[in-house]
Amino acid sequence: MVMLDIHNLHKSFGGVEALAGVNLHIAQGEIVSVIGPNGAGKTSFFNVVTGFYPPDSGEILFEGESIVGLESSRITEAGIARTFQNVRLFLNMTVLENVMVAQHCRTRAGAFHAILRTPFLRREEAEIRARAEEILSFFGTRLVGYRFDQPALSLSYANRRRLEIARAMASEPKLLLLDEPVAGMNPRETAELTGLIRKLRDERGFTVVIIEHDMRVVRDVSDRVIVLDHGVKIAEGSYDEVSSDEAVIEAYLGRPAEVG
Amino acid sequence: MITIDMRRMLRWGMTAGGVMTFTAAVGMLEAFEDRLLIYPVLSLGYLLLLWFVPVAGYQSSNVAVLEGMEAPPRGLHNVIAGAVTGLVGGVVLALFAIVINAFDLRDVFVPFSLKLVGLLTYGLGVPEGLPYAVLAPAALGLVGGLMHLLPASVRRRVILAVEWVVVVALLEQVFSQILRQIRLEVVADRVFTLKALEWWAALAVAALVAAVAERTRGGFGRMRERLFAGDPRQRTRNSAWMAVLVLVFLIIIPQLLGSLLSEVLANVGLFLLMGLGLNIVVGLAGMLDLGYVAFFAVGAYTVGVLTSPLSPRFTLEWSWWAALPVAILTSALAGLLVGTPVIRMRGDYLAIVTLGFGEIVRILFLSDWLSTTFGGAQGVQNIPGIPLGFTEVSGVGPEGVLYFALFFVLLAAWISWSLQESRIGRAWTALREDETVAAAMGINIVRAKLNAFIVGAILAGFAGALFAAKLGSVFPSSFELLVSIIILVVVIVGGMGNIPGVAVGAVVLIGVLGGPNLPGLLAEFAEFKLLIYGALLVFMMLRKPEGLVPSVRRSRELHADELTQDAWLDKSGTLAEAPGGGRGAG
Ligand SMILES: Nc1ncnc2c1ncn2[C@@H]1O[C@H](COP(=O)(O)OP(=O)(O)OP(=O)(O)O)[C@@H](O)[C@H]1O
Ligand SMILES: [Mg+2]
């Protein structure tokens, strides 16, 4: 079943065409990698899908319904969550609070319940907390225990990336968009996170789209690879197909004329 | 090696001279020379003139010692540095005296009178008194320098004792009132003469403070650590107990204070109420609202119009209780109306637009167009108090208003706290941290911001309703921009985002200095209130931007660099210790 269906998506910034007519689809339960050289438009693709920028033209269907023009909070509510290439945590909130706050659109208690501290609120707060702790335990022991109450800014870079994934998971999405999740991690941490990305799909049932430059990660996790260059899709297929594709090699290495 | 840093001394000396000249030039010396603090030696005017000199004398040779480093030896050079600093300051002041003696600048600068020259030269005039004008600061600078020779613990105690003497003398009114209320008139009459502390009493207070400090030996600090360290749950429980104690204290205190001081505290309550509301908008949701007074005005006018028999249009003469829900409703509505158009703006733009809205509201109340309803410049008069069955609470009996304000403050504090500790509060915090990301995490930005605006408006509306009943009349001039600014200063100085912080801010600023058109404990300062507010604000921004009682999050924010550094040091430390830590497995 197609979960995300994108037709002829355009987005330009001034003179730069970040997306120049992208067509692609993501099926439920897939892990899809989006690769491409720097400036290919990968992050722009995420930004447009999650409502950070409206597309200039084109159609984005999520589970059959158009999400073009929706507020980004509505898109998250619909079931798409993301992480950021340049990690953007709520640095002064604690690790636990970061994950708790992301459950906002899945919880209901309003001001009335909060002020009267109703049983409904207490139950919901306890659930929010328990769910946050459970999600953080997905990363083993790295983000649990005393880490719960530490501010996010005290975390190491790798842990910040993990926390960002946890935060995205907390909004209970169907589709997870991860923007370079292993950037800046050492080989061991990369290998660990590669395993976790598979588990995100296998155990948690998320459909995952991942932007990644590390080809070993791409090879290990992807069911399918989509290659973008200059805002258009230049190839699509399994890792092996894509990695031997002429156009892809050219995009990465440059055209012969430019090389020569 | 000991060097005397000439440039540093000169800098501190000039600063001291600047502070003294400024104090004299704005007229503080003249205004307060009659107000004796310590009988018969020290008046408030001279205290204000000279207090900074010993501080500068101390600072001019004070070397910040990093942890683990050895402090440079202290000795005569400290004393000399202090004296020179004072001397430089004194020269600046003497020059100032010569200038105002030689030129008549009274037309432009009212305080530049011959009387001021007399005061600056200790009654001897130019030139006879000039040596004294120079030498007095020099001597005080020397005293500041001498402080270096005392062991740190003694120095702390001396400073503490001096601070207490000044506080007791300044707050003579409070102390003598309490003494009288507990039937110790005799003591009050002996200790205080002409509103000033007798010199021997001052010495006694100093000795007492030093003795208590000696006995407790930082016991308070340790107690506080024990109370507020611990795990967060423990901490909340202890804070709750503290709150109960404070509450009991607050219930007793009006009985001790008498009506004048209760009046002051009631004003504190009103501003605290507004401070708590603004704290939600600015401190939690991070929206700088400079038109906050508008909601206060809406609350006050609603109650005025509905309850007063002299209300220009309606003669409903409702009871305050019936008008209160309407006032809350109208202020919430005002919050919605102001909030909706400005919600998309950020930072400075929001501040400017809300400032404009605040003024628009005041001008509407003042306008001829609406004067048939709101009475224009005359406002609404004869607003009755709050009927309480057996009695009526109004400005005539400030104790009643105080209890009332207290009740609403507690209510407001509860509302702020419980919202803060819920998903709504978390959404506000996220919003303040990063609006775009908060939206991407599923938070409806518009709704979250409107929530904050409306809750803030409601609390201000409460305060307004209470204000109307307390004062008995409302005028447009009670709702000037200055009120918004002062509430903001209360929140900033106290500690943004932190309920106890706002309370401390309100007590210190509104209680001690006084609010706009409202006297504080130091009613003398009325004329210079805004100057002091400004100075305090600048000082806080430079030295303690997180406020007197900072919220954990806020101080994290402001000291993020240090924290990351600590964390890094921490980690590299543990990595080095842990066997096989690091990247052995790779
Ligand atoms: N907000 C923006 N304003 C202006 N130009 C933008 C903006 N966002 C992206 N661009 C431009 O669009 C193009 C695509 O950028 P994008 O960030 O999507 O690339 P990317 O594929 O994610 O690259 P990288 O691998 O470096 O992250 C670039 O030329 C970039 O400069
Ligand atoms: Mg990118």
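Predicted model: local features only at pLDDT ≥ 70, side-chain atom pairs only at ≥ 80, totals over all residues.
Which residues line the largest cavity?

The lining of the largest cavity is made up of D289(B), G291(B), Y292(B), A294(B), F295(B), V338(B), T354(B), F357(B) and G358(B). By the rule applied here, the count comes to one cavity of 30 Å³ or more, and the space inside the largest cavity is about 30 Å³. If we ask which elements contribute to this lining, helix 14 (293-307) and helix 16 (347-366) of chain B each supply at least two residues, with the largest share, three residues, coming from helix 16 of chain B. Sorted by class, the lining has five nonpolar residues, three polar and one charged.

Let me turn now to the interface of chain A and chain B. The size of an interface is often given as the accessible area lost when the parts come together. Here the two chains bury about 3300 Å² between them, and 59% of that is on carbon and sulfur atoms. On the side of chain A, the residues that lose the most area to chain B are F90(A), N92(A) and H104(A), which together account for 20% of what that side buries. In terms of contacts, 41 residues of chain A touch 39 residues of chain B.

As for the polar side of this interface, the rule finds 14 residue pairs in polar contact across it, with both residues at pLDDT 80 or more. On the chain A side, helix 2 (72-78), helix 3 (95-101), helix 4 (111-116), helix 5 (119-136) and helix 6 (157-170) each supply at least two of the residues that touch chain B, and the largest share, five residues, comes from helix 5 of chain A. The class breakdown for that side of chain A is 17 nonpolar, eleven polar and 13 charged residues.

That brings me to charge pairing. Side chains of opposite charge can pair when their charged atoms come close. Over all chains the structure holds 24 salt bridges, and across the interface of chain A and chain B the rule finds three. One salt bridge joins the side chains of E125(A) and R426(B), at 3.1 Å from N to O.

Terms used
Residues numbered from 1 in each chain as written. Chains lettered and ligands numbered in written order. Heavy atoms only, no water. Contact = heavy atoms within 4.5 Å. Buried area = accessible area lost by both parts, 1.4 Å probe. Salt bridge = Lys/Arg side-chain N within 4 Å of Asp/Glu carboxyl O. Polar contact = N/O pair within 3.5 Å; in protein donor to acceptor, adjacent residues only side chain to side chain. Helix = DSSP H or I, 4+ residues; strand = E, 2+ residues; numbered from the N terminus. Nonpolar A, V, L, I, M, F, W, Y, C, P; charged D, E, K, R; others polar. 1 Å grid on protein atoms, 1.4 Å probe; cavity = no way out; pocket = protein on both sides within 12 Å on 5 of 7 lines; lining within 4 Å. Points joined across faces, edges and corners; volume = space filled by probe spheres on them.
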